[in-house]
Amino acid sequence: MIILLIPLLPVLAALLSLIPVRPVLARAATLASAVLALIAAVAVALQVARSGMVTTVAGWVGSDALSALLLMLQAVLAVTATLYSFGYIGREAAEDDVRQRTYYANLNLFIASLFLVPILLQPALTWVAVELTTLLSVFLVGFNRTAEGLEAAWKYAILTIMGATVAVLGILLLLYGLHSVSAGLPQTWAALDSAAPRMPPDVLKLAFILVLVGFGTKVGLFPLHTWLPDAHSQAPSPVCALLSGVEVGTVLYVILRLMPVFEAIPGFPARDWLLAFGLLSVGAAAFLLLQVKDFKRMLAYSTVEHMGIILTAVGFGSAGSYAGLYQLMTHGLAKSFAFYAAGAVLLLYRTRNIAEVRGLIRTSPFTATMLLASALAIAGVPPFAVFLSEFSVLRSGLLAGAGWAVGLLGLFIAIAFIGVMRPVGRMVFGDGTSVRAERLPRSVILALTLSVIPLLALGLYTPPLLHHLLALASSAITR
Amino acid sequence: MPISLLHGLNALAAALFLITTFMFLASRQTAASLSLYVRQGLLLSASALVQAYALHSLDLLLFAVITVIAKAVVIPWMLRRSLAPSFQSRREAELAVSVPTSLLIAIAVSLVAYTIAQPLGGTMPSFIAVNLPVGLAGLLISIYALSVRREALPQFLSLLMLDNGVFFAGVAIATTSPVWELAAALEAIIVTVIVALLFRAISERIGTTHVGRLSGLREEGSR
């Protein structure tokens, strides 16, 4: 029953947020729901680690290790994004209680839709949940109501809804394949997995293309990534953290979940397709990173890069699946941290232009340290967790005998490293006039501090629970 | 009714469906595009109705009814009500590619759709052999239409046409639960509500919905 609580808590918090009193109630409700959801997610993870699968409503709601990992990541980010919002939105929409309450209500509904994706056991319903994540985040992207923000929201809505509509035909084809095996089968992920070898291969191939292109658009895979830098840079920073840190990963989850089904197609190299798409995205993002002028867009391109790394890793095979899922977790933690740091810079300087931020280390040593740490973290430098996951991705590629792909991936990661570290180095250490140092809101400082802890801890030590869940989950996405 | 007649009726609906898609690609006035969308929704519903009768499927009957309500009544009403000025204007929308070129591309795209769907048709009952290629052609042509339209509302109408294409293929292959069909129809309505709200916010804030001319989001354009 505890799984059902996870999406219900934020819905309740959304309702409470709408009560027309001071926004402090909305804040308290949002934080309480996020913390309780995190506790529930950990409880589900522990249960899954023991029994492998938790089913709450048979054929409808449940969680395996893959779902549990995603739930924990979502819940952690929900907590930090909520904390961060207190100060950030408090300053952005000060004096406007209605706007603040609307923000929290919308944020909670968005979080609830994210929670729904991994716990639904039927692909058709999962698709509905993915579509809800778009619909419920459109107004968060356009929250600032600037021309650029609304333009970004428009591109985001049109392109990702287009992607989801293409993907739905893929899902329908899969259900048709299932029906053609036996009319009485339940329409669940598990039934799809077991019936896949008996489905017509042509149906599965067409479904694969539609699902990869459709959901790939929402994951931000090259060349369908064009909306992502806009949306992920224009949204308020806590929303950016959720979009880049966990929303794209949540959609990627659906593609990964279907991998065993597509691997069942005789003579069809489904994993090689992932490898090719992944490398293309990493490469394109690495070169795009070299020419960015806006530091939030820089982080958005880095998201495209990391999604590419995860796809490449899964393309490497079973060892790569473990590494890819690990990367999904560490990227979520690192990227949200980076957007919190970038948001702090934005609060201090009121600009996203890299060239206008110089000498941050003198203006605000705390923000500078956090920005530098987050850049190092997303660039994959030890002792941060992304280093370990990227290292295991490269190692799994070598083990799989894909030396050339590992070489290319390593090269692209190195280019992306330069693309991130060079501008951040200038922002932090560059010569320039320091601005009047405004104090950061306390909740922003707290969210930044809380975000860096798991990133460092996982860089030094992998808890047995995490390792166990990753191993279980990687076998769930391998045939 | 003999089954061959039902197949014939379905093929007629499919042919008209494909023609409406081509007409949509060629139409430049918003009001005309919307009425083509309504007609297409009716044809989608007709195809579902024929198949519901042929297969004695209550789910498909329900789907046909929901489709008529959502796509021929609710969505056009909402769009006309909330975005009235855009529909009254007889101005022709700006396209990135000329109409004759677009139509040639659409023919090529339809051939691609038939080629892709061919191997699937052989092993399947013939409703699928008709609906899948036509639906796929609708999907691909709508994506093309979306990419050459430079204004917000025509882009959104292309998105709705894309939805029709998907479900035209979908009715023949989906033998799913009514829950899912209801969710799909509701989803189209929710999408319309959200996009209409966003559209109004954009026109209030910026004064234009010519998204091709909105160019704040460029690498050099950041402030």
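**Close-ups of a two-chain predicted model**

**View 1. Helix H7 of chain A, end to end.** Helix H7 of chain A, residues 147-181, has 35 residues and reaches 51 Å from its first C-alpha to its last. That is close to the 51 Å expected at 1.5 Å a residue, where the expected span is 1.5 Å times one less than the number of residues. Helices here are DSSP runs (H or I, at least four residues), numbered from the N terminus. Of the 35 residues of H7(A), 31 are buried, so this helix is largely enclosed by the rest of the structure. A residue is called buried if 20 or more other C-beta atoms lie within 10 Å of its own, exposed if 12 or fewer, and partly exposed in between, with C-beta atoms placed from the backbone.

A quick word on what you're looking at: this is a predicted model, in which local features need pLDDT of at least 70 and side-chain atom pairs count only at pLDDT 80 or more, while totals for chains, interfaces and linings use all residues. Residues are numbered from 1 along each chain as its sequence is written, and chains are lettered from A and ligands numbered from 1 in the order in which they are written.

View 2. Look in the loop between helix H6 (138-141) and H7 of chain A to find A:Arg145. Its phi is near 60°, a positive value in a residue other than glycine. Most residues other than glycine have a negative phi, and most peptide bonds are trans. A:Arg145 has 14 C-beta neighbours inside 10 Å, so it counts as partly exposed.

**View 3. A:Thr217 and its contacts.** A:Thr217 sits in helix H9 of chain A and is buried, with 25 other C-beta atoms within 10 Å. Setting aside neighbours within four places in sequence, A:Thr217 is in contact with A:Leu159, A:Thr160, A:Met162, A:Gly163 and A:Leu224. In contact means that the C-beta atoms of two residues, placed from the backbone, lie within 7 Å. A:Gly149 is 68 residues from A:Thr217 in sequence and 20 Å away in space, C-alpha to C-alpha.

**View 4. Two cis peptide bonds in chain A.** One joins A:Phe222 and A:Pro223, with omega about 0°. A:Pro223 belongs to the loop between helix H9 (201-219) and helix H10 (227-234) of chain A. Another joins A:Pro382 and A:Pro383, with omega about 5°. For A:Pro383, the place to look is the loop between helix H17 (365-379) and helix H18 (385-399) of chain A.

**View 5. H3 beside H15 in chain A.** Helix H3 (residues 65-92) and helix H15 (residues 318-349) of chain A pack at an angle of about 0°, with their axes 10 Å apart. Axes are lines fitted to C-alpha atoms, for helices over the stretch in contact, and angles run from 0 to 180 degrees between N-to-C directions. Ala, Val, Leu, Ile, Met, Phe, Trp, Tyr, Cys and Pro count as nonpolar, Asp, Glu, Lys and Arg as charged, and the others, Gly among them, as polar.

View 6. Chain A is divided into domain 1 (1-120), domain 2 (122-268) and domain 3 (269-479), with bounds from an automatic or database domain assignment. The C-alpha centres of domain 1 and domain 2 of chain A lie 21 Å apart. In this view, 24 residues of domain 1 of chain A are in contact with 25 residues of domain 2 of chain A. On the domain 1 side, H3(A) gives the most, with eleven residues. That side divides into 18 nonpolar, five polar and one charged.

**View 7. Chain B against chain A.** The contact takes 40 residues from chain B and 40 residues from chain A. H8(B) brings twelve residues, the largest share of the chain B side. The residues of that side divide into 27 nonpolar, seven polar and six charged.

Methods. Helices (H or I, at least four residues) and strands (E, at least two) are DSSP runs, numbered from the N terminus.
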